[in-house]
Amino acid sequence: AQDTPTEIKVSYQPALYWALPYYIADQMGWWEELGLAPSYSTFASGAPQVAAAAAGDWDIGGTGSAPAVLGAARFDIITIGITNDESATNAMMVRGDEAEAIRADPAGELRGQRLLVTTNSTGEYAAAACLESYGLNYPEDFEVVNLNQGEIISAFASGTGKMAGLWAPNIYTLEDRTGAELLCSGKDAGAIVPGALIARRDYAEANPEIVARYLAVFLRGVEYIRENNDEAVAMMGDFYALTGVELPEKFLRQEIALRPMFTLDEQLEIMGGDNSTVVEWFNGLGGYMTSTGTLETELDASTFVDSTYMQLVADTPELAAFARGE
């Protein structure tokens with residue numbers, strides 16, 4: 001740690017489970033322990049978040065895997081770690097009184113219907129995989145309406161749309177407010193949806209030690225959540241409430257149960273090598289984004305998935321111990 005903390009500009013999307021380590025670190029004073037002073041910027045979704053990198057509005061942070069691929073292709077953003085596996089909580093929701101009929105004949109019930117979704121997002125990736133698993137073509141077979149997550153909840157609650165593509169905690173909010181049911185998740189459809197710890201490539205290459213310290217703080221939060229479940233649930237409730245998201249405790253506990261996070265050793269295991277598990281996950285996302293026309297050509301994930309900084313944490317004894325909560 002330094003006498004004068006180093007400011008780092010951290011971007012994320014508010015009221016998301018994977019960002020809880022930031023809040024825990026704030027409460028515990030971990031940033032200061034490693035000589036860092038975070039300055040946060042938040043975005044309603046990933047596309048505007050990664051676009052803000054072009055202006056240098058942030059240095060480092062986290063986002064969904066779809067915007068991470070978009071950011072790599074357009075703004076030279078690298079993925080330096082995985083926030084969580086959110087495959088089970090990126091999902092397509094339908095109204096509770098229509099769910100049984102849709103499950104009985106999804107192709108017949110859904111073809112030609114209106115889908116409310118945030119395009120270029122993991123929510124769209126999961127919804128597209130679900131619809132294609134029913135033998136439908138996305139987006140040709142649907143009326144796709146691009147809205148942010150808050151707009152989707154409001155529109156669906158007022159009767160607009162047959163289905164909604166959402167991610168947690170918005171899936172819980174829609175369920176709680178309207179009685180909507182989860183029809184199909186990315187996990188159900190075989191679409192792995194990792195969240196990405198990201199950095200501007202130029203910033204990371206110029207400041208590798210700072211990036212490693214940032215990762216160590218995040219990983220310390222992951223360890224804390226695993227070891228202190230009840231405390232983590234309470235802190236999650238406080239963290240979500242900061243942006244007006246109020247959820248019953250059962251949904252907060254579902255967040256932890258359904259969205260695995262990764263410790264330092266687990267990160268290294270899934271990130272290593274050009275043909276790593278993480279590269280495979282992101283190449284799947286790249287195929288989706290090419291199919292929707294967001295990317296002109298597929299981008300090899302090995303060009304932007306970079307385990308260098310996670311390895312630097314492991315190779316620096318003080319940071320490795322901090323990350324492991326030792």
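**Close-up 1. Glu143 and its salt-bridge partner Arg114 in the predicted model.** E143 counts as partly exposed, because its relative accessibility is 37%, and the structure shown here is a predicted model. R114 forms a salt bridge with E143, and the closest N and O atoms of the two side chains are 3.2 Å apart. Since R114 lies in strand β6 (residues 114-117) and E143 in strand β7 (residues 143-146), the pair ties together parts that are 29 residues apart in sequence. R114 likewise counts as partly exposed, with a relative accessibility of 33%.

**Close-up 2. The salt bridge between E181 and R103.** The side chains of E181 and R103 meet at an N to O distance of 3.1 Å. E181 belongs to strand β9 and R103 to helix α5 (residues 99-104), so this contact ties together parts that are 78 residues apart in sequence. E181 counts as partly exposed at 30% relative accessibility, and R103 counts as partly exposed at 43%.

**Close-up 3. A salt bridge between buried residues, R259 and E255.** The side chains of R259 and E255 meet in a salt bridge with an N to O distance of 3.4 Å. R259 counts as buried because its relative accessibility is 3%, and E255 also counts as buried, at 0% relative accessibility. Elsewhere, D59, R200 and D202 are linked in a network of salt bridges, and the count of salt bridges comes to 13.

**Close-up 4. The disulfide between C130 and C184.** The sulfur atoms of C130 and C184 are 2.1 Å apart and form a disulfide, and the count of disulfides comes to one. The torsion about the S-S bond of this pair is about -90 degrees, so the disulfide is left-handed. Because C130 lies in helix α7 (residues 122-133) and C184 in strand β9 (residues 181-185), the pair ties together parts that are 54 residues apart in sequence. C130 is buried, with a relative accessible area of 0%, and C184 is buried as well, with a relative accessible area of 3%.

**Close-up 5. The aromatic pair of Y22 and Y214 and the cluster that includes these residues.** A search of the whole structure finds 17 aromatic pairs. In one of them, the rings of Y22 and Y214 have their centres 6.2 Å apart and their planes at 40 degrees, so the pair is tilted. As Y22 lies in helix α1 (residues 20-28) and Y214 in helix α11 (residues 208-227), the pair ties together parts that are 192 residues apart in sequence. Y22 is buried, with a relative accessible area of 1%, and Y214 is buried, also with a relative accessible area of 1%. Ring pairs link Y22 and Y214 into a cluster with Y12, W18, Y23, W31, Y40, F218, F239 and Y240.

**Close-up 6. Arginine charges over the phenylalanine rings of F156 and F322.** The charged end of R95 sits over the ring of F156, at a distance of 3.9 Å from the centre of that ring. In a second contact, R220 lies over the face of F322, and the distance to the ring centre is 4.6 Å.

How values were computed. Residues numbered from 1 in each chain as written. Predicted model: local features only at pLDDT ≥ 70, side-chain atom pairs only at ≥ 80, totals over all residues. Heavy atoms only, no water. Phe/Tyr/Trp six-rings, centres within 6.5 Å; stacked < 30°, edge-to-face > 60°. Helix = DSSP H or I, 4+ residues; strand = E, 2+ residues; numbered from the N terminus. Buried < 20%, exposed > 50% of the residue type's maximum accessible area, 1.4 Å probe, protein only. Lys NZ or Arg CZ within 6 Å of the ring centre and 35° of its normal. Disulfide = S-S within 2.5 Å. Salt bridge = Lys/Arg side-chain N within 4 Å of Asp/Glu carboxyl O.
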